[in-house]
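Subject: Handover of a structure

Dear colleague,

Please find below the structure that I am passing on to you. My notes on it follow directly after.

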Amino acid sequence: MNLTHSKLGFGINRSRAGIIVVVALLAILFIIGIAVSDRFGTSRNLLNIYEQSTGLALVSLGQTLAVLTGGIDLSVGSVISLVSMLTSGLISGDQSMVIPVVIGVLALGLAIGAINGGVIIVMGVHPLIVTLGTGAIIQGIALLYGLGPIGKVPKGFDYFAYGRLPGGISFGATFTMLLFLLSAFLLARTKAGRYIYATGDDPHAATLMGLPTTRIIMLVYMLTGFCSALTGVYLVSRFGVGQPYTGANYTLASITPVVVGGTMLAGGRGGVIGTLLGVYLVSLLNNLLNFLGVSTHLQLVAQGLVIIAAVSVYVEKRRIA
Amino acid sequence: MAVAKAEDGLNRSAARKSFGMGEIVKRYGIYLFLVLAILVTTAISPAFVSGSNITNMLMQLAPLAVVVIGQTFVILVRGLDLSVASVMATAAVIATSFSGQDGAALTVLFASIAMGAATGLANGLLVTKRNVSPFLATLATMIVLQGFRFAATQGAPSGNVPPIFRLLGSGKFYGVPYNLMVMLVMAAIFAVLLHKAAFGRRVFITGGNPVTARLVGISADRVIIACYMICGGLAALAGLLLSGFVGVVDNFVGRGFELDSIVAAVMGGVALSGGRGTIPGALAGAAILVVLSNAVVMIGMPVQLQIIVKGVVIIVAASLYVRTAR
């Protein structure tokens, strides 16, 4: 019995709680939106919200996995920036370079993740500090590669960001949603997925039970690196060029949907579907505030308050740094 | 007999502990590293120890060190404060919001510190009463403060910092920067509070083991809230010093200080797991950050290497402490 839980009375501490809370918030915002403006509920606007969620969704998917193991990855923003620079810089407008470069940068994302995971395991340092350090190093490398926007990509590269499926549905957002569904399936149905939860719930117990915790941590950070790299490629597709600080805001932004979606920073609880809904919530909230004519400045306040509201409802099973 | 043997073993392991390499690295490693960094840089570039460069580094150190003192209190109680940079920028904006004359200086000072302490109170309440992780609680207050600041300034702060803050932030008294003096006074006050006063012992007990703290009758929640308020207040003060140093106020005065202050404290031996660390150690950590950033430029390496060196040092320093703690 969780003492804190019963004492506080209204704390929610069940695995599905995140999804329930986010769905409720989404519904409330949606109703407000329809009441406020006729154009809010149009399919055009909703498809727009859907499309704009892609970048945040991609990076948050990886972040969720790191957080599920009780860790965190603060290098995602730098990886996004470096990958975006390399993608447009190396392709440099050459159609034939697109496939090798994209494969190369995705492999780089995996490799950076392997370094993060390796340092966390071998050095025994908290992931927060390790990824803060590697994040600084990677940002420095991105700046050494170029101090401003660099390279260009051929026509058609923007399909990832702006491509449409039949019915005007965004290709990138749908691809991302399928990636989330696949991840949710793998987390629930594979051994590795269950081990991720076990490692996050109690790493010591998981090791004693003979679970391959070091390999799980390695795997998780590699996947986080991969998702960040994919986000970098997406941003090049969207903006047409790589920039040295293009990912900077994503580091902390990627945490919001994760925690709003009910994944506990202490690890072991939550899931990717909650995160996806958390991303839609952020996207919907920004769109709604635009309709309400709220200045972009106060939109920040609203986002901060949503984080506070959401995390105050959940009860963390224990505090972490 | 067996007892004597066991005691002997205990004594010996204690003796080994206090004189072993691990213990030396743990206690004095940071100072040795600071001296080493200074010596190596001087050997490569003698201009590093010129009077003007030293003054320059000390003036850069002062605002960071003030933040680091506060960050140390928070980390000691197993916390983390990401809102310090936002508090600094907000204090800087407050500094320009009044007449810009010295008459407004006291108002600015009190308003800023009150704002910082209030932010700390919000952080502390979220962490203790709602059990929100410090990372998230302070991330949220950081964003909220940033939004309010943007809304209040419409994105572009204007107005003047009262001249007395310009003097405190960038002036010198017989070659000694005023901001360094402010920093030293703060360091002395808070080092005494932490290492000599009853409050400090409560901080260490709370951070070392909150359950023990409760058992010996310490209100852990109150100690934790106090630490966040100290951190917020000091961050506000640092924001005023920095605005006086830079001279121009924008919405991002203090950007990067949240991470730098955490890094400096961790390098200085303040354990993220709480309950271990000292103010002098944390200040040495801050000094190393400033020395290394300066050294990169003095040695003639590309400026981008500053951030890479910083990253390497964080990881190496943190892993050294993990090793010696085992």
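Over all chains, the structure, which is a predicted model, holds three salt bridges (a side-chain nitrogen of Lys or Arg within 4 Å of a carboxyl oxygen of Asp or Glu). A:R164 forms a salt bridge with A:E51, and the closest N and O atoms are 2.9 Å apart. Because A:R164 lies in strand β1 (residues 164–165) of chain A and A:E51 in helix α3 (residues 43–52) of chain A, the pair ties together parts that are 113 residues apart in sequence. Helices (H or I, at least four residues) and strands (E, at least two) are DSSP runs, numbered from the N terminus.

As to the conventions, residues are numbered from 1 along each chain as its sequence is written, and chains are lettered from A and ligands numbered from 1 in the order in which they are written. In this predicted model local features need pLDDT of at least 70, side-chain atom pairs count only at pLDDT 80 or more, and totals for chains, interfaces and linings use all residues, while side-chain values use heavy atoms, with hydrogens and water left out.

Between chain A and chain B, the contact (heavy atoms within 4.5 Å) takes 45 residues from chain A and 45 residues from chain B. The buried area is about 3,900 Å², of which carbon and sulfur atoms give 78%; buried area is the accessible area (1.4 Å probe) that two parts lose on being put together, summed over both. The count of salt bridges between chain A and chain B is zero. On the side of chain A that touches chain B, two or more residues each come from α1 (3–8), α6 (98–123), α7 (127–145), α14 (255–260) and α16 (296–313) of chain A. The largest share, 13 residues, comes from α7(A). This side divides into 33 nonpolar, 10 polar and two charged residues (Ala, Val, Leu, Ile, Met, Phe, Trp, Tyr, Cys and Pro count as nonpolar, Asp, Glu, Lys and Arg as charged, and the others, Gly among them, as polar).

Within chain B, helix α8 (residues 178–195) and helix α11 (residues 220–246) pack at about 170 degrees with their axes 11 Å apart. Axes are lines fitted to C-alpha atoms, for helices over the stretch in contact, and angles run from 0 to 180 degrees between N-to-C directions. The angle makes α8(B) roughly antiparallel to α11(B) (over 145 degrees). Residues of α8(B) including B:M186 and B:F190 meet residues of α11(B) including B:L234 and B:L237. This contact has nine nonpolar, one polar and no charged residues.

Yours sincerely

Conventions. Angles under 35 degrees count as roughly parallel, over 145 as roughly antiparallel, 65 to 115 as roughly perpendicular and the rest as oblique.
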